[in-house]
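Hi,

Here is the structure I said I'd pass on. Have a look at it first, and then read on for my notes on the backbone and on one helix pair.

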Amino acid sequence: MNLTFYNKSITGILTILPANEVKFEDEMESYNFSVAKSLKLKMAMGYNKHRIAEDGVTISDLCIYGLNHLFENKLLKKDEIDSLILVTQSPEYFMPPTSNIIQGKLGLKHDMICMDINQGCAGFEIGLFQAFMLLEQEEISKVVLLNADLLSQKVSKRDRNSNPLIGDGASITIVEKSLKPNTIFANIKMDGTAFDALIIPAGGFKNPSTPETAEMLEDASGNFRSLDNLVMRGDDVFNFVQREVPPMIEDLLARARFNKQEVDFYMFHQPNKFMLNKLADKLEVPREKMPSNIVENFGNASGVSIPTAITYNLGKRLRDESFVICMAGFGVGLTWASLLVTLENLTFSEIIEY
Amino acid sequence: MKKQIINILQEIRPEFDFSQEINFIDEGMLDSFDIVSLVTTLDEFYGISIDGMDIIPDNFATIDSIRNLLITKGVKE
């Protein structure tokens, strides 16, 4: 599905990462793999270290910490916020929405819309699409998009398919009506027939958590996980990404009448270095234009990975410079989405630690 | 090229004999992470980039299937 948005802009991006850093070497004894093979895995996939929140930390802690940072530094005013969108797979409760909890704890005005969206790897794009649509309303001028996940709590430490790549984190993106006319091209596709390619099988209403679902079981590859843990069919996800993402990007650029060279950066979701390098090669764009350094430095925090890639690789340059960015998210759902946007004159673009 | 492929496989999984004419996947000699290591090594060794769509077990099941894949990428015998 093709989408087009007019006269909207991103005016600030803040990434909030837990200060706690865990190294690959400190966990590899749990992987039921020889040391030599674990180190080969590390090299090939670009694993190195990841940020893991301390026990007891919730997504609202990260989001509130980041929002207070913006309020205290006069980068955002509470009464300007007309909508709070939270994209997460780590809600604090089944009910109420965590965005309402954040609104209440911060004392934001009542005259606003809060909403939670359950999405993951394409959660930054989906959050932006929702923000752009809300901004069509006369009374909505500024939307705060929160992406936050703490999926390390749902991944088995003995699962080398998922544990080395996962990271925790949050991001805050300010989306506003643009004073300058512009067009944002985007597209999105979904395939719910493959819903179980990335899934936490137990814990919802379909299959509630019980002592049985918490039992650790060994899979055919020697990984140990329970039904309460996240499970990913890595081969299927890899093949899906390689099959669907390149044509999606080709279509997006053709519709926007951009050639690949005119795009300054391809800021894609960050599952692992190998997958991103293969996408860059397939699209025939230089690997340095498609940063793949988030998993190795921070881990993949789902919908937070693209804002992290932007703030880590471009940072303060976005306050003075202008870049054409092609974003793409792909994964759980299955969902794949992309958009082409110019980022310039951001009020803030940085990473802070919680 | 066959000898080079066997040497590369032998480095990845030294405990197995890759000169045998058997299916490496069915026999459990290569798993998905081995295939990632193999692709990375073949890319570097031959100066190519194996297409992501070609990274399926069938293309790495035997010496001949790996050789055929490399030939489609322009690697000469």
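This is a predicted model: local features need pLDDT of at least 70, side-chain atom pairs count only at pLDDT 80 or more; totals for chains, interfaces and linings use all residues.

I'll begin with helix α6 (residues 234-256) and helix α7 (residues 273-283), both of chain A: they pack at an angle of about 40°, and their axes lie 10 Å apart. The crossing of α6(A) past α7(A) is right-handed. On the α6(A) side, the contact involves A:F238, A:V241, A:Q242, A:V245, A:P246, A:I249 and A:E250, while α7(A) brings in A:F274, A:M275, A:K278, A:L279, A:K282 and A:L283. By type, that contact comes to 9 nonpolar, 1 polar and 3 charged residues.

Now the backbone. As you know, most residues other than glycine have a negative phi, and most peptide bonds are trans. Here are the exceptions I'd point you to.

Two cis peptide bonds:
- A:M95 to A:P96 is cis, with omega near 5°; A:P96 sits in the loop between β5 (83-87) and α4 (98-106) of chain A.
- A:G333 and A:L334 are also joined in cis, with omega about -5°. A:L334 belongs to the loop between β15 (322-331) and β16 (335-344) of chain A.

Two positive phi values:
- A:N7, not a glycine, has phi of about 55°. You'll find A:N7 in the loop between β1 (2-6) and β2 (8-17) of chain A, partly exposed at 33% relative accessible area.
- A:S302, also not a glycine, has phi near 60°. This serine is in the loop between α8 (294-297) and α9 (305-313) of chain A, and A:S302 counts as buried, at 4% relative accessibility.

Cheers

Terms used. Residues are numbered from 1 along each chain as its sequence is written. Chains are lettered from A and ligands numbered from 1 in the order in which they are written. Side-chain values use heavy atoms; hydrogens and water are left out. Axes are lines fitted to C-alpha atoms, for helices over the stretch in contact, and angles run from 0 to 180 degrees between N-to-C directions. Helices (H or I, at least four residues) and strands (E, at least two) are DSSP runs, numbered from the N terminus. A crossing is left-handed if the near helix is turned anticlockwise from the far one by less than a right angle, and right-handed if clockwise. Contact means heavy atoms within 4.5 Å. Ala, Val, Leu, Ile, Met, Phe, Trp, Tyr, Cys and Pro count as nonpolar, Asp, Glu, Lys and Arg as charged, and the others, Gly among them, as polar. Buried means under 20% relative accessible area, exposed over 50%, partly exposed in between (1.4 Å probe, protein chains only).
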